[in-house]
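Me: I have a structure open and want to learn how to read it. Can we take a side chain and then a pocket?

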Amino acid sequence: MTDKHGTLATPSREPMADQNRKAEQFRALHIPGAPLVLFNIWDAGSARCVSAAGAKALATGSWSVANANGFADGERIPLALAIDNLRRIVGATELPVTIDLESGYGDASEVVGETIVLAIDAGAVGCNLEDSFPADGKLRMTSNQADRIRHARQTAATARIHFFINARTDIFFQGPPEQHDDAMVVEAIERAHAYAEAGADGLFAPGLADITLIARLAKESPLPLNIMVGDATPSVRTLAAHGVARVSHGPRPYLVAMKSLEEAARAAVLGAYDGSPESPHSD
């Protein structure tokens, strides 16, 4: 970060202290059996709405942010735009904010570190970092992803913030739910151990919905488990009873909001021309 003269600027102690306070606050919310529920947001307006509803923390969802800005998911939204969006969200709330950084916007570990710097500078206290390639969804080698996480952790340490790295594994996106089995859970556990050793703070396993498999993963993972809500996902109460520490809603809040907007718009447009008393064209 530089000042107006282009020289290295020292961050104000007060904002950094506040960001660190929020980072510790966010970290403390990950309790197995009493999960943090994140109703994912996509802009400053949705951040204010979810904050007003009583949320304890905020999390962006990459799919929602991308679609709200006219892009498809998969790192197609420019990183600069995603970070600017994050900055506006952080400025709109007093809650801790974590950002979905997808795969870190770069294959090289050093590039991932640079992305983390941008997120921290914009006020984030954590991020999601997935272990699949954005182009095709295939899994990275465990060692490669661990190295990327290690660089992210080193970057956060240099910035002197206890940044929460939520290591997302896309193992359960490699096949339909009916094909999920113990072997996939074993692989997820192995990855969790490698990611924890590299400096990750949480394990995110989207796509997993079978409660028996969820319970095993929660029990054997060295990291607190994050599950994403889907049509087949058990209730939050059930997830809590089986050791889950974080529950994310992913793109669902955005889809619900857009459906409601479309329905309201359709009613308004049709009502304007259907001859009703409210219609400007009625007799």
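This is a predicted model: local features need pLDDT of at least 70, side-chain atom pairs count only at pLDDT 80 or more; totals for chains, interfaces and linings use all residues.

Me: Which backbone nitrogen lies 2.6 Å from a polar atom of the side chain of Thr-233?

Reply: That of Gly-230.

Me: Where in the fold does Thr-233 lie?

Reply: Look in the loop between β7 (225-228) and α9 (236-241).

Me: Is Thr-233 buried or exposed?

Reply: Buried means under 20% relative accessible area. Thr-233 has 15% relative accessibility, so Thr-233 counts as buried.

Me: Which residues does Thr-233 touch, not counting residues up to four places away in sequence?

Reply: Thr-233 touches Ala-209, Ile-227, Met-228 and Leu-239.

Me: Now the pocket. How is empty space found?

Reply: Roll a probe the size of a water molecule over the atoms, and it shows where empty space is left. Here, the second largest pocket holds about 380 Å³ of space.

Me: How many residues line the second largest pocket, and which lie nearest its centre?

Reply: The lining has 28 residues. Ser-62, Asp-73, Asp-100, Glu-130 and Arg-168 lie nearest the centre.

Me: Which element gives the most to that lining?

Reply: β3 does, with 3 residues. At least two residues each come from α3 (62-68), β3 (97-100), β4 (126-130) and β8 (246-248).

Me: How do the lining residues divide into nonpolar, polar and charged?

Reply: The lining of this second largest pocket has 10 nonpolar, 11 polar and 7 charged residues.

Terms used
Residues are numbered from 1 along each chain as its sequence is written. Side-chain values use heavy atoms; hydrogens and water are left out. On a 1 Å grid over the protein atoms alone, a cavity is a set of points where a 1.4 Å probe fits but cannot get out, and a pocket is an open set with protein on both sides within 12 Å along at least five of seven lines; lining residues have an atom within 4 Å of a point. Grid points are joined across faces, edges and corners, and a volume is the space filled by probe spheres set on the points. Helices (H or I, at least four residues) and strands (E, at least two) are DSSP runs, numbered from the N terminus. Ala, Val, Leu, Ile, Met, Phe, Trp, Tyr, Cys and Pro count as nonpolar, Asp, Glu, Lys and Arg as charged, and the others, Gly among them, as polar. Buried means under 20% relative accessible area, exposed over 50%, partly exposed in between (1.4 Å probe, protein chains only). A polar contact is a pair of N or O atoms within 3.5 Å; within protein, one must be able to donate a hydrogen and the other to accept it, and residues adjacent in sequence count only if both atoms are side-chain atoms. Contact means heavy atoms within 4.5 Å.
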